[in-house]
Amino acid sequence: MLGGVCAGLGRQCDMDPVIFRIGLAVLSATGGLGLLFYGFAWLFVAYDDEDENEVRKLLTGRVDGQALTAVLFALVGCGVFLSMLSNGGVISFAAILALLLAGAGYWSRQRGALDPDPLAAQAAADAPPEAQAPPVPASFPSWWRDPIVKDGTYVGGTGYLWGPGDARDRDIAATLDPAQGDYGKDIRAREPKARGPRWIGGWVFLLALLAGALGTGSTWDDHALGTSLQAGLAGALIVLGLGIAISAFLGRTGAGSIFLAVITAGLLAGSAALPKDISTHWVRTDWTPTAMADVQSAYDLGTGVGTLDLTRLDLPKGRTVTTNAEVGMGRLEVVVPRDATVNLTIDVGVGDIQLPGDDKKDVDVAPDKHRQLTLKPTGDTKNGGTLDLTLQVGVGQAEVTRAAS
């Protein structure tokens, strides 16, 4: 509904433009092919009442908002499409959907163009012209024809509401007074009234909210956060899709429903990328082993704050303790002894890493953070044992601190 591309496709293919709008919206969200096509079609296909397209206007120096918007669509579509080239599933889906849209448009256009019967066409060509009735004389002469009266005056109205001033006054009088002619009611053709906004979009939005809340609420307690969000967003997307499909047949689809469907599809894709170990409950957990035998091979927390305190361990010289601590979303804090050598391997999906000596206020949030280092014993303490720690945080912060003296 921005540049008239889908309306032009619907007119050429004898189809509802809503079908093309929904298809291009889906192609825009899954691979950027819809934005790419819309932008280039907007640039290279001229309007019905214009001879020049937007590209030619740009080349002649006439730059306006429509041309810039079309260029923006094409650039964004190219960027998204190039970023998705490595994803074969998305590209395959976009290609199949594009072929289906093209095939539907071609079939609809061919369906409307029936092959003429050659015998009937020949018979119509050989038939003599039909006799036509003589023209009905007008009630009043028209100002654009030669006047009937020699002095150029007009008797009565001309049947038009536009023209010379002296004729226009009589035309208005004739229109208002049916006794002066029966042509007043047909002077102007009535334009069809445009459909106003309907209430179906609001009901679809409310039902989508209800479906999302029910889907998320039913899986909130016994499933991971990503799974719970996927259930709710999938339910909302199904309701939006059904609403768009129904309103497409009724001719009442609004841009708001399509926009919400695209946003919901994007949120659903984002929830699918969440780590599977992120739970729906925020928990604070402390792990404080007091002996080497109490150290577990792995410490795991879904969502919350996990603190692994290893300061109570008595690590003899030459002994090595290995463990792994993981938090799906939240904060992981590890406190190590002063007299231990610590080999650290830290991975944070999205977040920050804090090490001994770093400024607490210096928080640098970034994706895919990885650190691998060794912390030597501090002070003049004896060299104790060695700790091999592997720390993993999906979303949040990983912090390693030394025990106080």
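Visitor: Which residue stands opposite Gln-397 in S6?

Guide: Happy to start there. This is a predicted model, in which local features need pLDDT of at least 70 and side-chain atom pairs count only at pLDDT 80 or more, while totals for chains, interfaces and linings use all residues. Residues are numbered from 1 along each chain as its sequence is written, and side-chain values use heavy atoms, with hydrogens and water left out. In this model, the residue standing opposite Gln-397 in S6 is Asp-352.

Visitor: How many bridges join S4 to S6?

Guide: Helices (H or I, at least four residues) and strands (E, at least two) are DSSP runs, numbered from the N terminus. Gln-397 has its place in strand S6, residues 386-402. Two strands pair if DSSP finds at least two bridges between them. S4 and S6 run parallel, and the number of bridges joining them is 13.

Visitor: How many of the 14 residues of strand S4 are buried?

Guide: A residue is called buried under 20% relative accessible area, exposed over 50%, and partly exposed in between (1.4 Å probe, protein chains only). Strand S4 runs over residues 341-354 and is largely enclosed by the rest of the structure, because its buried residues number 10 of the 14.

Visitor: Back to Gln-397: which side chain does its own side chain join in a polar contact of 3.2 Å?

Guide: Gln-397 is buried, at a relative accessible area of 16%. Contact means heavy atoms within 4.5 Å, and, leaving aside neighbours within four places in sequence, Gln-397 is in contact with Gly-330, Arg-331, Leu-332, Asp-352 and Gln-354. The partner at 3.2 Å is Arg-331.

Visitor: How far apart are the closest N and O atoms in the salt bridge of Arg-331 with Glu-399?

Guide: Side chains of opposite charge can pair when their charged atoms come close. A salt bridge here is a side-chain nitrogen of Lys or Arg within 4 Å of a carboxyl oxygen of Asp or Glu. Arg-331 is partly exposed at 28% relative accessible area, whereas Glu-399 is buried at 5%. Their closest N and O atoms lie apart by 2.2 Å.

Visitor: How many residues apart in sequence are the parts that this pair, Arg-331 and Glu-399, ties together?

Guide: The salt bridge is between Arg-331 and Glu-399. Arg-331 lies in strand S3 (residues 320-336) and Glu-399 in strand S6, so the parts tied together are separated in sequence by 68 residues.

Visitor: How many salt bridges does the structure hold?

Guide: One of them links Arg-331 to Glu-333, with 3.4 Å between the closest N and O atoms. Another brings together Asp-364 and Lys-369 at 3.9 Å, N to O; Asp-364 is partly exposed at 43%, while Lys-369 is buried at 18%. Through shared partners, salt bridges join Arg-331, Glu-333 and Glu-399 into one network. The count for the structure is 4.

Visitor: How many disulfides does a search of the whole structure find?

Guide: A disulfide is a covalent bond between the sulfur atoms of two cysteines. The search asks for a pair of cysteine sulfur atoms within 2.5 Å. Cys-6 is buried at 3% relative accessibility, and Cys-13 is buried at 12%. The number of disulfides found is 0.

Visitor: Which helix holds Val-204?

Guide: Val-204 is buried, with a relative accessible area of 9%. Not counting residues up to four places away in sequence, Val-204 touches Val-239, Leu-240 and Gly-243. Spanning residues 200-218, the helix that holds Val-204 is H9.

Definitions and conventions
A polar contact is a pair of N or O atoms within 3.5 Å; within protein, one must be able to donate a hydrogen and the other to accept it, and residues adjacent in sequence count only if both atoms are side-chain atoms.
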